[in-house]
Amino acid sequence: MLLVLEFEMEKMEKIKPIVLLHDEFTDSELATSLNLCYNCSTCSTICPVALQTEGNFNPRSIILLSNFGYEERLVIDLKPNVWDCSMCELCQEACPEGVNLHEVFIKIKNASASYLNIPKSYTSETNQVYLFGKAVPSQPVIEKRREQLGLPKSPSTDVEEIKKLMGMTPVEKILEDIENLEKLAEEK
Ligand code: SF4
Ligand code: SF4
């Protein structure tokens, strides 16, 4: 009996972020905003990523799936991949219904992150910021080029301060968990 309970609790913990997201999308201020969507496609027409990917990524389909309860597909399968959104907010500005697309994308990204379901490019860049205080750390070749262009040396960064700030968010723990996962994969 105890084992069954433990199994159920473990299962609940695993699906919790998706359940919470579903609640947000069905019963909250955000849900009211989502319900205003009438599928006009203005957001997809204006989205620069949709244009670049010839519609493979498009914000309208994310809003549609969020409205119809496909949170698992959005968070776990990443189909469509919300991480492709550059958060430029053009879609939100253009939406005739004032749907809060930006907030929807953030919620889906956060739920995905709680499963460590984050593209490598994002985590590598975040790791660089954590370790060096910059997404692109200063290197001799960069400094040389700056000198040639008559630019001043790149400004230094207070790495400890940045680590402290990131430590106040879930980012530090996510980076640690991803590193452990990668080590485990290497050992296999
Ligand atoms: S522009 Fe707004 S109303 Fe139109 S499809 Fe996109 S989210 Fe829905
Ligand atoms: S915020 Fe994302 S979905 Fe909206 S227009 Fe920009 S890239 Fe496209």
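Me: By class, which residues does the shell around ligand 1 have?

Reply: This is a predicted model, where local features need pLDDT of at least 70, side-chain atom pairs count only at pLDDT 80 or more, and totals for chains, interfaces and linings use all residues. Residues are numbered from 1 along each chain as its sequence is written, and chains are lettered from A and ligands numbered from 1 in the order in which they are written. Ala, Val, Leu, Ile, Met, Phe, Trp, Tyr, Cys and Pro count as nonpolar, Asp, Glu, Lys and Arg as charged, and the others, Gly among them, as polar. The shell around ligand 1 has nine nonpolar, three polar and two charged residues.

Me: Which residues are the closest to ligand 1?

Reply: A residue is near a molecule if its C-beta atom, placed from the backbone, lies within 6 Å of it. Of the 14 residues that surround ligand 1, the closest are C37, C40, T42, C43 and C95. Helices α3 (42-46) and α5 (59-67) each give two or more residues; helices are DSSP runs (H or I, at least four residues), numbered from the N terminus.

Me: By class, what does the shell around ligand 2 have?

Reply: Ligand 2 has 10 nonpolar, one polar and one charged residues around it. Among them are C47, P59, C85 and C91.

Me: Which residues is I62 in contact with, leaving aside its neighbours within four places in sequence?

Reply: Contact means C-beta atoms, placed from the backbone, within 7 Å. I62 is in contact with L74, P80, V82, V104 and F105, leaving aside those neighbours.

Methods. Contact = placed C-beta atoms within 7 Å.
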